[in-house]
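The sequence and the structure are shown first.

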Amino acid sequence: MREDGLRSVELVTDRLETPSLDDRTYRVVRLPNQLEALLVHDPQTDKASAAMDVNVGSFSDEDDMPGMAHAVEHLLFMGTKKYPVENAYHQYLSAHSGTSNAYTASTSTNYHFEVSAKPSNDEEPSGTNPSPLLGALDRFAQFFVEPLFLANTLDRELRAVDSENKKNLQADQWRLHQLEKSLSNPKHPFCHFSTGNLETLKTLPEARGINVRDKFIEFYEKHYSANRMKLCVLGREPLDVLEAWVLEYFSEIKNKDLAPNRWPDAFPFPQTDLGVQCFAKPVMDSRELNLIFPFLDEDLLYETQPSRYLSHLIGHEGPGSIMAYIKSKGWANGLTSGAWPVCAGTPGVFDFQIRLTEEGLKEYKEVVKVFFHYVALLQETEPQEWIFEEQRGMADVDFRFRQKTQSLRFATKISAEMQKPLPREWLLSGRSRLRKFDAKLIKQGLACLRPDNFRMTIVSRDVPGKWEKKEKWYGTEYTVEPIPADFLEDIKKAASSPATSHIPGLHLPHKNQFIPTKLEVEKKEVKEPALAPRIVRNDRLVRTWYKKDDTFWVPKANLIVSCKSPIIYASAGNSVKARLFTDLVRDALEEYSYDAELAGLQYSVSLDSRGLFIEVSGYNDKLAVLLEQVLITMRDLNVREDRFAIIKERLSRGYRNWELQPPWQQIGDYTGWLTAEHDHVVEELEAELPGVTPEGVRVFREELLSQMHMEVYVHGNLYKEDALKLTDMVESTLKPRILPKEQWPIRRSLIFPPGSNYIWKKTLKDEANVNHCIEYWLYVGDKSDRLIRAKTLLLDQITHEPCFDQLRTKEQLGYIVYSGVRASSTTYGFRFIIQSEKTAPYLETRIELFLETLAKTIEAMNDTDFENNKRSLIVKRLEKPKYLDQETGRHWNQIHSEYYDFESAQRDVALIKPLTKADMVEFFNHYIHPSSPHRAKLAVYFEAQAKSDVSTKQISELVKTLDLDSDASVQAATDLQAKLSAAGQDEGKEVEVLNDYLLHSLKVPENKIETAVEAWKKLHAESGDAEGVVKDASPPSSNGTTPAIIDDVRNFKAGLTVSAGARPVKDLSEYEELDAKL
Ligand SMILES: [Zn+2]
């Protein structure tokens, strides 16, 4: 016990099991109010962080108000008694290079932030010279001490929740997960709709006379208690300082001695709900088979984790596995399996998922039978200790050499982990390591995988039969029914088949040859880690870069080979052939490489913007073995007709599904296309695909591999000789001819002259998506102009917080609001992306208005704020890489870009430091300000086909007139929104569908129908001037230019000049460290 006046901190433990390279120190303490905290001292970290995990989530929502826990999460940030200004916390973080976030899960709500780890004088922090972490903890703690739930922020935050839900409406992972939940036992909270929306959190409760703000406060009072909270604080300060701060700020949190949340009384999938098959229609063109089995509660089985043994075998992809067999039949594209926990007190679920081919969908019953044949095979073989030992060995190696996770991620993850019943000494290692082989438990787990103990879901856009129902929250169409008796008979037969009648070819895996045995690292202390790699070979065929790791000391390495070739991007057709080639190589390697993957060794064969890209990474011991097999497969690939057909179909679906993604994820590709000299968008690739034949790919492969220039990077626990040997292996296996330097491709971007004002429009493919999107991009200048870079980076830093605050928090334009730098291959620009139910021209007016205000903000900014922004940016730029892959990635970006600017961060900082406010005002007024005649703009508009926002508001009003109970109103609102939107604003049609629906589907009495129809007519008439909806607004132009709509992209590009290509910032010979030629 430590005494601090009357209060005292209990030391729980400071002996945590840690990875061997971990230089952090840890201490677990408990405050007098029973709050448990993990304190972490990290002498190296750039960012300090904290996370609070509260043991309450959507499972605790009241039945008639789904989304409560989530709404409370949003509202908690809105002012506290001590810091009543609603964005005080965000402002503070933003001024100190910080960010924050929160999430609501089923049984926990997690709040977290990160902030600069050093004080502004750049000295090591201490109790008397604290880092900004102190101020952040003070503000953060108040959320749990005395939040205000400011009334004037309520509507806005609920709209933010609503918009978050709308963002997810078309996302299959949300839709399908909710379908599983909605079809589960209504007596278990697993069935809850967790996000909530405006209907469930405001419109409907208010219609019932409920004051929703009171309700949220009540929820907070009822469930938030110090003894349900787990805190993690990580900083550069010594543990004693951190402990004192935690005690000072978090002791005030009230302890209500609430019991931990547990749900032992009901099962999500009771016996009566098993033995069913569900067919569900996805938004994306995907095909999936999913089996779920009620499983063991593994919460206390962290030493044995029987599900890991089972999923290792069932999910195996090597020879003898389920996957190898069904893939050989042409039925499957991928497989995953594993167990997940539902909540405390409830058994977990074992999940088996297969991505099916077209043929596989037809044969789904056979696939299920194969699964049960394999289970039968496992049942008659005793659990094998050697398999467990292999798993345990790899888990130990992985834990031993685990590299530091970034501070915010670490705090967030570990605070959630602290809710688990783990011995505190094992907080870091608990579920990563396996400790005991327990054959009995494995058998118990296996016994759950029975024909009478599962549910099956088939996800596909075309299924046998028709869609009978619609899921309430997301509108997913589905049919659910008992598994037909004859099919179930077949399954039972498979599950009880004797050894003699097993499917030939199914067997347990062999010993894994890839498990690393040499794990030595030669650690040579260096004063300062080197910023750049060296060139160890440089001739007309290949240039090899190499850096021996001098920072992380893990037995790992990364090897990248980039094969530059002018032919891949010469046409869209070639790009498609190259893509198919890489897909086929990976397909052919799947069985072979699975063991390597299990042993922590990955590879990739894909395309980058200059040609073919090969990467092998992981434990360096067996790296060369995998590389050789990858290269041989590339060289000798037999393009089989059957595999080609499957891969081609998958790619074709991939293209179509790409266009169904959320608009904000697509829009950048179009901006990239419109600003690059040569690029292809998905429509062009999609058009080429049908004409590509196996023979076409064979011929193309020959041509592609026959001539190229290669650039290689070897980084990690390898010697220079290894780097040269690996390079030799690439050369001698692929044996390409030299591609003369004069023919190496040069990438160039388009230059937008001052006064440019372009708009390009596209209609969204997804007919059901209600979100418009804009990318608003301003051209700034050449990427190699360092001063331009420095100013754009600082602009980004200054804009970030006010942009989010104005456009997202205050105006609620949409959930996705983003501002930032956008670089092309050779140019620099600044952009905004907003995804919204409001139209793109309207969004553009809001962005321009924001920029006008921002001009004033910058001009009025005081020196302290300006300097703080600079400091924040500098800290960000100088952030050190946290793990080997990150450093490899940074170096590779420089090599790949062909600027070879390994010191870019240091050079940027040197130019950011002297920048004055006057410099920024001048820069802003020239390149960014909407009224500047010099600025050059390109706006990309995505137009949604579906409309919704008008209707959401109208629908709520309409539904109110019907006096339905909460469930029925939500259903009615969902249905009516879809039906009325489909009527295309035609009042006659609207009234017709409304009448029909109320009369036949909802069976509402006649007099009520009349009232509703009258109400609707009135709402329809009012819709014209609905708030914030601009139908055909013309985009603004305040600098005297007229926007030019791009309708002929070729013509548009032909009208612009192109930039210079990238050139090394230093003579490359400065990096050379070549051996004398013999
Ligand atoms: Zn949220």
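## Basis of the description

Helices (H or I, at least four residues) and strands (E, at least two) are DSSP runs, numbered from the N terminus. This is a predicted model, in which local features need pLDDT of at least 70 and side-chain atom pairs count only at pLDDT 80 or more, while totals for chains, interfaces and linings use all residues. Residues are numbered from 1 along each chain as its sequence is written, and side-chain values use heavy atoms, with hydrogens and water left out.

## Annotated domains

An unreviewed UniProt entry carries the annotation "domain: Peptidase M16 C-terminal" for residues 213-392. UniProt positions are given in the numbering used here, feature names are shortened, and annotations may be inferred rather than shown by experiment. Across residues 213-392 the chain is 38% helix and 20% strand, with 51 Å between the end C-alpha atoms.

A further feature from UniProt (unreviewed entry), "domain: Coenzyme PQQ synthesis protein F-like C-terminal lobe", is placed at residues 794-892. That span is 63% helix and 18% strand, and its end C-alpha atoms lie 25 Å apart.

## The zinc site

The zinc ion is coordinated through NE2 of His-70, NE2 of His-74 and two OE contacts listed for Glu-164, at 2.0 to 2.8 Å. Donors here are N, O and S atoms within 2.8 Å of the metal (3.2 Å for Na, K and Ca); water is not among the atoms, so sites may look incomplete. The angles among the four donor atoms run from 51 to 148°, and the site is irregular. Four donors count as tetrahedral if all angles lie between 85 and 135 degrees; four count as square planar and six as octahedral if opposite donors are over 155 degrees apart and all others between 65 and 115; anything else is irregular.

The spacing of the donor residues in sequence is H-x3-H-x89-E. His-74 belongs to helix H1 (residues 68-76) and Glu-164 to helix H4 (residues 154-168), so this pair ties together parts that are 90 residues apart in sequence. His-74 is buried at 8% relative accessibility, and Glu-164 is buried at 13%. Buried means under 20% relative accessible area, exposed over 50%, and partly exposed in between (1.4 Å probe, protein chains only).

## Salt bridges

The whole structure contains 77 salt bridges, each defined as a side-chain nitrogen of Lys or Arg within 4 Å of a carboxyl oxygen of Asp or Glu. In helix H4, Lys-166 and Asp-162 are four residues apart, about one helical turn, and their side chains meet in a salt bridge of 2.7 Å, N to O. Lys-166 is buried at 10% relative accessible area, as is Asp-162 at 8%. In helix H12 (residues 364-380), Lys-369 and Glu-366 are three residues apart, about one turn of the helix. The closest N and O atoms of their salt bridge are 3.0 Å apart. Lys-369 is buried at 18%, whereas Glu-366 is partly exposed at 30%.

Glu-811 pairs with Arg-846 in a salt bridge whose closest N and O atoms are 2.7 Å apart. Glu-811 sits in the loop between helix H24 (786-810) and strand S25 (816-823), and Arg-846 in helix H25 (residues 840-860), so the pair ties together parts that are 35 residues apart in sequence. Glu-811 is buried at 18%, and Arg-846 is partly exposed at 21%. Elsewhere, salt bridges with shared partners join Arg-543, Lys-564, Arg-610, Glu-711 and Glu-898 into one network.

## Nonpolar cores

A nonpolar core is a set of buried Ala, Val, Leu, Ile, Met, Phe, Trp, Tyr and Cys residues joined through side-chain atoms within 4.5 Å. The largest such core has 88 residues, and those with the most contacts inside it are Leu-580, Phe-581, Met-634 and Phe-752. Helix H17 (residues 572-598) supplies the largest share of this core, nine residues. Apart from it lies another core, of 60 residues, among them Phe-149, Leu-158, Ala-226 and Phe-250.

Contact means heavy atoms within 4.5 Å. Beyond its neighbours within four places in sequence, Phe-752 has contacts that include Leu-674, Trp-777, Ala-936 and Phe-1052. Leu-589 is found in helix H17 and is buried, with a relative accessible area of 1%. Not counting residues up to four places away in sequence, Leu-589 touches Tyr-603, Gln-629, Val-630 and Thr-633.
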